[in-house]
Amino acid sequence: MNDKVLYGGSMVLGALALIILVANVCLINGNRNLQTTLAQRQTFINNAPGMNQINQALVQALAQASVNDEDKDIRDLLAAQGITVKPKGDKGEKIEKEKKK
């Protein structure tokens, strides 16, 4: 009788250990996927200041072109993005970003 109890107990503990092993492997794979996603997002955040400079230069060039060529379409495009262009005589343009609340 004692051997049957030991055998049954060891089988239950072995099955439990196997279930815990499978759960651990699944959690490790899930964590790897999350780490990969997080690393991609962090790379994007790290590259954002460089892209911000490019975006600022692009907005400046578009605003200058809209003032020089009196292009209403470019002004409308910038206005749709919340940027107003106000010419300052012959010195160039003034660009203001509207705060969206």
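What share of the contacts in the protein with a separation of 6 or more comes from residues 24 or more positions apart? The share is 22%, where contact means heavy atoms within 4.5 Å. This is a predicted model, in which local features need pLDDT of at least 70 and side-chain atom pairs count only at pLDDT 80 or more, while totals for chains, interfaces and linings use all residues. Residues are numbered from 1 along each chain as its sequence is written, and side-chain values use heavy atoms, with hydrogens and water left out.

**Confidence**
- The mean pLDDT of the protein is 85; pLDDT is the predictor's confidence in each residue, from 0 to 100.
- A score of at least 70 is reached by 86% of the residues.
- Helix 1 has the highest confidence, at a mean of 92.
- Strand 2 (residues 93–97) has the lowest, at 55.

**Overall build**
- The protein has two helices and two strands, taken as DSSP runs numbered from the N terminus (helices: H or I, at least four residues; strands: E, at least two).
- Their order from the N terminus is α-α-β-β.
- Of the 101 residues, 11% are buried (buried means under 20% relative accessible area, exposed over 50%, partly exposed in between, with a 1.4 Å probe and protein chains only).

**How the helices pack**
- Two packed helices are described by the angle between their axes and the distance between the axes.
- Here the axes of helix 1 (residues 2–69) and helix 2 (residues 72–80) come within 8 Å and cross at roughly 140 degrees.
- Axes are lines fitted to C-alpha atoms, for helices over the stretch in contact, and angles run from 0 to 180 degrees between N-to-C directions.
- Helix 1 brings Val59, Leu62, Ala63, Ala65, Ser66 and Val67 to the contact, and helix 2 brings Ile74, Arg75 and Leu78.

**Serine 66**
- Serine 66 sits in helix 1.
- Serine 66 is buried, at 0% relative accessible area.
- Leaving out residues up to four places away in sequence, serine 66 touches Asp71, Ile74, Arg75 and Val85.

**The salt bridge**
- The count is one salt bridge (a side-chain nitrogen of Lys or Arg within 4 Å of a carboxyl oxygen of Asp or Glu).
- Aspartate 76 and lysine 72 form a salt bridge through their side chains, at 3.2 Å from N to O.
- Both belong to helix 2, four residues apart, so about one helical turn separates them.
- Aspartate 76 is partly exposed, at 38% relative accessible area.
- Lysine 72 is exposed, at 57%.
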